[in-house]
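Here are my notes on the model you sent over. Have a look at the structure first, then go through the points.

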Amino acid sequence: MTKRTYLLMLAASAALLPGCNKAERRDSPEAAQASAAADEQAIRANIARWLQLIQAKDSAAIAQFYTDNGVVMPPNEPLVTGRDAIAKFWQGMTAIPEATLTFQPVRIDFSSAGDMALDRGTYRFTGKPGGQAVAETGKYLVVWKKVGADWKVAADMFSSDQPAAGG
C-alpha cells in the first residue's frame, strides 16, 4: 500500500466516523428520549410565546410560527393558507372586542423520524364578536414540522365543543 493510498483511506475513514457516531447516538434509547424531550420543550415554549403574542395582538409575529405554506382550518370557514393570509386571520381574531384565547396541549406525539409532531389539546375563547358575548371551549389539533432547528406549524385545526347552530 502506498503512502498516498493509506492517507486517502485514513481520510475517508475519518470522514465516515462522525456520521456513524451520530447514527449510534440517534438510535440509542437514551439519546432518542433526550431528543424527544428537548423537542417537546421547544414546542411548549413556542406555545407559551404564541399565547403571549395573542395577548399582544401581534398577528404578524403569530404568522411566523407557521411554515411558508401552513394552513389554518377554522370551523365553518374556508381554509386559510400561507403566512400572509394567516396573519390576516389572526389580526381578525385578536381584533374581536374583549377577546381572550388560551390553549393547552393535552398530548404531544412525535413521528418516528422526529421531524413531525402532533399536538392535541383544548382551548377556551371569550369575547364579544359583533357585540354578542361568547364563551366557548373546544379542542384543537396542530401538526408541527421541524424546519431546520425550528418547529413550525404546518396545519392548525380547531372546533368548538358547543352544539352546531340550528342542530
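1. To get our bearings: in which helix is K88 found? K88 sits in α4, with helices (H or I, at least four residues) and strands (E, at least two) taken as DSSP runs and numbered from the N terminus. This is a predicted model, so local features need pLDDT of at least 70 and side-chain atom pairs count only at pLDDT 80 or more, while totals for chains, interfaces and linings use all residues. Residues are numbered from 1 along each chain as its sequence is written, and side-chain values use heavy atoms, with hydrogens and water left out.

2. The overall layout. There are four helices and six strands in the chain, and along the sequence they follow α-α-α-β-β-α-β-β-β-β. Of the 167 residues, 27% count as buried (buried is under 20% relative accessible area, exposed over 50%, partly exposed in between; 1.4 Å probe, protein chains only).

3. Helix α4. This helix has 12 residues and reaches 16 Å from first C-alpha to last, close to the 16 Å expected at 1.5 Å a residue (the expected span being 1.5 Å times one less than the number of residues). Its buried residues are I86, A87, F89, W90 and T94. Seen down the axis of α4, these fall within an arc of 160°, so they line one face of the helix; the arc is that of the directions from the helix axis to the C-beta atoms. D84 and K88 are exposed on the other side of α4.

4. More on K88. Its relative accessible area is 60%.

5. Six strands make an open sheet in the order β2-β1-β6-β5-β4-β3, with mixed pairing (two strands pair if DSSP finds at least two bridges between them). The edge strands are β2 (80-81) and β3, each pairing on one side only. Strand β1 (residues 66-73) runs parallel to β6, joined by four bridges, and V71 has A155 in β6 as its bridge partner.

6. The β4 neighbourhood. β4 pairs antiparallel with β3 over 10 bridges and antiparallel with β5 over 12 bridges.

7. Faces of β4. In a regular strand the side chains alternate between the two faces of the sheet. For β4, the covered face has A117, D119, G121, Y123, F125 and G127, and the uncovered one has M116, L118, R120, T122, R124 and T126.

8. The largest pocket. Its volume is about 660 Å³. On a 1 Å grid over the protein atoms alone, a pocket is an open set of points where a 1.4 Å probe fits, with protein on both sides within 12 Å along at least five of seven lines, and lining residues have an atom within 4 Å of a point. Grid points are joined across faces, edges and corners, and the volume is the space filled by probe spheres set on the points.

9. Who lines the pocket? The lining has 24 residues, with P75, Y123, E136, F158 and S160 nearest the centre. β5 gives the largest share, four residues. By class there are 18 nonpolar, three polar and three charged residues (Ala, Val, Leu, Ile, Met, Phe, Trp, Tyr, Cys and Pro count as nonpolar, Asp, Glu, Lys and Arg as charged, and the others, Gly among them, as polar).
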